Amino acid sequence: MTAFAIKRIILALPIFTATPANGFLTPRARSVSTLAQSPTLRLTRQSSLYASADDSEASSTEASSEEPASKESEEEKAPEEPNDILNSPAFLQRKVEVLRSDVAALDKSIEEANAVYAANKEEWRFDKLNEESRMMQERFTKLGADQTALATVDVVKQMLNVIDTYERAFNAIEPSTDEQHNIVAAYRETYDKILDCFAELNVTKVETVGAEFDYELHQAMMQMVSDEYEEGVVCQEFAPGWVCGDRLIRPAMVAVTA
C-alpha cells in the first residue's frame, strides 16, 4: 500500500465533534472527541501517520533499488572467474608444457625430413647433377655465342670485297669539279654507313702502321728500310685487316721495317 493510499484513509476517518443525546461517551468516543476538540493533538497524530507512511515508502524504494544494485555487482563479478582461471599458475604451467611438447614434435619432424633429404641426396648425387647442369648451360651459351660470331664473320668476309673496292676508288680518284666532289661524297656516305654497321657487330680494323708486328694479326708482304720506325715495326699498310672481337677475319697486309 502506497503512502498516498494511507493518507486518503486517514483523511476518511470520522471525527465526532457533537455530544450524543444521552450525554454519555464511550472511552473510544471520548478519545475521539478529545482529539476533535484539540487541533494540536489532531495535527500531531496526522503528522506521525504521514511520517510512518513516508518511511515505509522510502524503505520499500531503498529495498527495490538495492536489489538491482546487488544484481549488477554479481553480474560484474561473474565474468572475472574465467579470467582468473586463464591467468592461474596451474593453467599457465600446463600451457607451457603443451607448447614445449609441440616444439619437440616439430624438431623431431625436421630431423626426420633432413635425414630423408640426406639419404636421397647421397643416392641421387644432387651436387653432381647440379654441376653437370651448370656446365651444360655454359656450353650452350658459349656455343650460341660462337655460332653468332661465325655468322658475323661470314657476312663480313662477303662485305670486305665491297669495302676494298671503295678504298681503292677513293685512293685512285682525285675529284676536281663540284660534281665529282658530290659523287665522291655520296660514295663516302655509303662507305661510312657500312663501317657503322661493322661497329655495331663488334667488327674493327687491325692496327697497322706504327704497331709492332704481330704474326697473328699481320701478314708481312715485304721488308723496308725506314728511318722513322724501328726494326720489327709495321711501316706501311697495303690492305686493312679486320677482327670480330677476338676472332680474326682477315690479317692486315703490311710492310715491316728491316
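Let me start with Cys197, which counts as partly exposed because its relative accessible area is 43%. Cys235 is buried, at a relative accessible area of 16%. The cut-offs here are under 20% for buried, over 50% for exposed, and partly exposed in between, with a 1.4 Å probe and protein chains only. As for disulfides, meaning a pair of cysteine sulfur atoms within 2.5 Å, the count comes to zero.

Before going on, a word on the source. This is a predicted model, in which local features need pLDDT of at least 70 and side-chain atom pairs count only at pLDDT 80 or more, while totals for chains, interfaces and linings use all residues. Residues are numbered from 1 along each chain as its sequence is written, and side-chain values use heavy atoms, with hydrogens and water left out.

Now the sheets. Strands are DSSP runs (E, at least two residues), numbered from the N terminus, and two of them pair if DSSP finds at least two bridges between them. In general, strands of a sheet pair through backbone hydrogen bonds, either parallel or antiparallel.

E2 pairs with strand E6 (residues 252-257) in the parallel sense, over six bridges. There, His218 stands opposite Ala252 in E6.

Another open sheet of three strands runs E1-E4-E5, and its pairing is antiparallel. Its edge strands, E1 (203-205) and E5 (247-250), each pair on one side only. Strand E4 (residues 242-244) pairs with E5 over three bridges, in the antiparallel sense. Trp242 stands opposite Arg250 in E5.

Last, the surface. Which residues form a nonpolar patch there? They are Met221, Met222, Phe238 and Met253, with about 360 Å² of accessible area together. Areas come from the Shrake-Rupley method with a 1.4 Å probe. Patch residues have over 30% relative accessible area and no salt bridge, with like charges joined within 9 Å and nonpolar side chains (Val, Leu, Ile, Met, Phe, Trp, Tyr) within 5 Å. A salt bridge is a side-chain nitrogen of Lys or Arg within 4 Å of a carboxyl oxygen of Asp or Glu. Met222 lies in strand E2 (residues 218-224) and counts as partly exposed because its relative accessibility is 39%.

Technical notes. Helix = DSSP H or I, 4+ residues; strand = E, 2+ residues; numbered from the N terminus.
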